[in-house]
Amino acid sequence: SHGNKEVFSCRGILLAVQWFWDRGHKDITVFVPSWRKEQPRPDVLITDQYILRDLEKKKILVFTPSRRVGGKRVVCYDDRFIVKLAHESDGIVVSNDTYRDLQNERPEWKKFIEERLLMYSFVNDK
């Protein structure tokens, strides 16, 4: 949302990570689909891609798998990675996604998502 739905803003990810880091949270994991490493296309803009590589080197960012089959990109369902890790590590999920489908998938995830989902918004760089 930092890129106003016009561009995928890697700086927005960095700002969010820094916000939690400055408050003493050091166990932070960011999930991003691996296709975000690719050269941006005019219809899928991305800014400051180097930030993703830097966060990956610091072991803060994890790229979720994707592959090409018959010329089409096949991506994994990264929401499941996010909720599973947060549930197992007693963490929180920072997202504006409500994960409704996952709430119905596993009963223990329903209560967790209801209580541990932190929605957010950006106001410029805050």
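Q: How many salt bridges does the rule give in this predicted model?
A: The count comes to six salt bridges.

Q: Why is the pair Arg 11 and Asp 125 called a salt bridge?
A: The rule asks for a side-chain nitrogen of Lys or Arg within 4 Å of a carboxyl oxygen of Asp or Glu. Arg 11 and Asp 125 meet at 2.8 Å, N to O. That is within 4 Å, so the pair counts as a salt bridge.

Q: What does the pair of Arg 11 and Asp 125 tie together?
A: Arg 11 lies in helix 1, and Asp 125 lies in the segment after strand 8. The pair therefore ties together parts that are 114 residues apart in sequence.

Q: Why is Arg 11 called partly exposed?
A: Buried means under 20% relative accessible area, and exposed means over 50%. Arg 11 has 34%, so it falls in between. Asp 125, at 38%, is partly exposed by this rule too.

Q: What makes Arg 80 and Glu 105 a salt bridge?
A: Their closest N and O atoms are 2.7 Å apart. The cut-off is 4 Å, so the pair passes. Arg 80 lies in helix 3 (residues 78–88) and Glu 105 in helix 4 (residues 100–105), so parts 25 residues apart in sequence are tied together. Arg 80 is partly exposed at 33%, and Glu 105 is partly exposed at 38%.

Q: How do you know that Lys 84 and Glu 88 are separated by about one helical turn?
A: They are four residues apart in helix 3, which means about one helical turn.

Q: Is Glu 88 exposed or buried?
A: Exposed means over 50% relative accessible area. Glu 88 has 54%, so Glu 88 counts as exposed. Lys 84 has 37%, so Lys 84 counts as partly exposed.

Q: Why is Ile 13 called buried?
A: Ile 13 has 16% relative accessibility. Buried means under 20%, so Ile 13 counts as buried. Ile 13 lies in helix 1.

Q: Which residues are in contact with Ile 13, leaving aside neighbours within four places in sequence?
A: They are Phe 8, Val 30, Val 32, Leu 52 and Leu 55.

Q: Which residues touch the most other members of the largest nonpolar core?
A: Ile 13, Val 17, Val 30, Val 32, Leu 52, Leu 55 and Leu 61 do, out of 14 residues in this core. Helix 1, strand 2, helix 2 and strand 4 each supply at least two residues. Helix 1 gives the most, with four. Another core, of 10 residues, lies apart from this one, and Trp 109 and Phe 112 are among its members.

Q: Why are the buried residues of helix 2 said to be on the same side?
A: The buried residues of helix 2 (residues 50–57) are Ile 51, Leu 52 and Leu 55. They cover an arc of only 100 degrees around the axis, which puts them on the same side of helix 2. They pack against helix 1, strand 2, strand 3 and strand 4.

Q: What makes up the nonpolar surface patch of about 310 Å²?
A: Ile 92, Val 94, Leu 118 and Tyr 120 make this patch. Patch residues need over 30% relative accessible area. Tyr 120 has 34%, so Tyr 120 passes that cut-off.

Terms used: Residues numbered from 1 in each chain as written. Predicted model: local features only at pLDDT ≥ 70, side-chain atom pairs only at ≥ 80, totals over all residues. Heavy atoms only, no water. Buried < 20%, exposed > 50% of the residue type's maximum accessible area, 1.4 Å probe, protein only. Arc of directions from axis to C-beta. Contact = heavy atoms within 4.5 Å. Core = buried A, V, L, I, M, F, W, Y, C linked by side-chain atoms within 4.5 Å. Patch = residues over 30% accessible without salt bridge, like charges linked within 9 Å, V, L, I, M, F, W, Y side chains within 5 Å. Areas by Shrake-Rupley, 256 points an atom, 1.4 Å probe, with all protein chains shown as cover.
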